[in-house]
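I wanted to look at the aromatic rings in this model, then at backbone angles. My notes follow.

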Amino acid sequence: MKLVIVRHGESAFNESNLFSGWEDVDLTAKGIEEAKKAGTNLAQQQIIFDHAFTSVLKRSIRSLNYILQEMNQEWLPVQKTWRLNERSYGALQRLNKAETAEKQGKELVNRWRKSYDALPPMLDLSDPRHPIHDPRYHDVDPRLLPGGESLKTTQERVLPFWSDNIAPLLIEGKNVLVVSHRNTLRALVKFLEHISDDAIVHFDVPTGIPVVYEFDKNLNIVSKKELTGQATVGTINADMN
């Protein structure tokens, strides 16, 4: 059974170097092409998927749609969930990353962006950017909606969804496609590959590059490869740490 993860194509905030988080920004023209290329690369692998998952943010949803179009698998059952949203950057959302680093200090901003447990400045409940004001989360317990997250707390909301929804399908022998966001996927990969808290700082997920995992019946990773459309990159085996 295979799990394929893909980070959405470039978004308008990626292009402008802004903190995105739960802001619902669209793909750029480049991002659309990245998503289409991801679909083309996956089509060449001839993987027939059984289920797909994505977030409730349009850059992820639309990336998935383009991927499925290129694979001719638009019939695939898709589940959208807030648990696969990008990490919430709290009060940093909408701010320019470079300008914030100048004001707050590069070291602090890098900790907010890349470390495992550093929380960003949090959103107050009265802030219109807080998800309690967004109708797409009205069915979610308000106590679960974050005003800001570290990678650690992002992982804490992602892993229950993995355990309850994705892992059971893989155990049944199904092939699963997950199109999500940089830090959501970093959190999931940290768990899957047993990456340490320190090492995760140096791990990133590029836009629009499918990563194919193969598992044994106990959900141990047998192999991993990145599909760039050129050479296979990063093939590893179950001995990885």
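**Charges over rings**

I started with lysine 190: its charged end sits over the ring of tyrosine 116, 4.2 Å from the ring centre. My cut-off for a charge over a ring was NZ of Lys or CZ of Arg within 6 Å of the ring centre and within 35 degrees of the ring normal.

I noted the ground rules next. This is a predicted model, where local features need pLDDT of at least 70, side-chain atom pairs count only at pLDDT 80 or more, and totals for chains, interfaces and linings use all residues. Residues are numbered from 1 along each chain as its sequence is written, and side-chain values use heavy atoms, with hydrogens and water left out.

**Aromatic pairs**

I paired rings of Phe, Tyr and Trp (its six-membered ring) if their centres lie within 6.5 Å; planes under 30 degrees apart are stacked, over 60 edge-to-face, and the rest tilted. By this rule I got 7 aromatic pairs. One of them joins tryptophan 22 and tyrosine 137, tilted, at 5.0 Å centre to centre with 40° between the planes. Which parts of the chain does this pair link? Tryptophan 22 is in the loop between α1 (12-16) and α2 (29-45), and tyrosine 137 is in the loop between α5 (106-114) and α6 (151-171), 115 residues apart. I took helices (H or I, at least four residues) and strands (E, at least two) as DSSP runs, numbered from the N terminus.

Tryptophan 22 is buried at 7%, and tyrosine 137 is buried at 3%.

Then I checked tryptophan 162 and phenylalanine 191. Their ring centres are 6.4 Å apart and the planes are at 65°, so the pair is edge-to-face. Tryptophan 162 is in helix α6 and phenylalanine 191 in helix α7 (residues 182-193), 29 residues apart. Tryptophan 162 is buried at 5%, whereas phenylalanine 191 is partly exposed at 35%.

**Positive phi**

Most residues other than glycine have a negative phi. I looked for exceptions. Glutamine 46 has a positive phi, near 60°. Glutamine 46 lies in the loop between α2 and β2 (51-54), exposed at 70%. Asparagine 72 has a positive phi of about 60°. I found asparagine 72 in the loop between α3 (58-71) and β3 (78-80), exposed at 61%.

Note on methods. Buried < 20%, exposed > 50% of the residue type's maximum accessible area, 1.4 Å probe, protein only.
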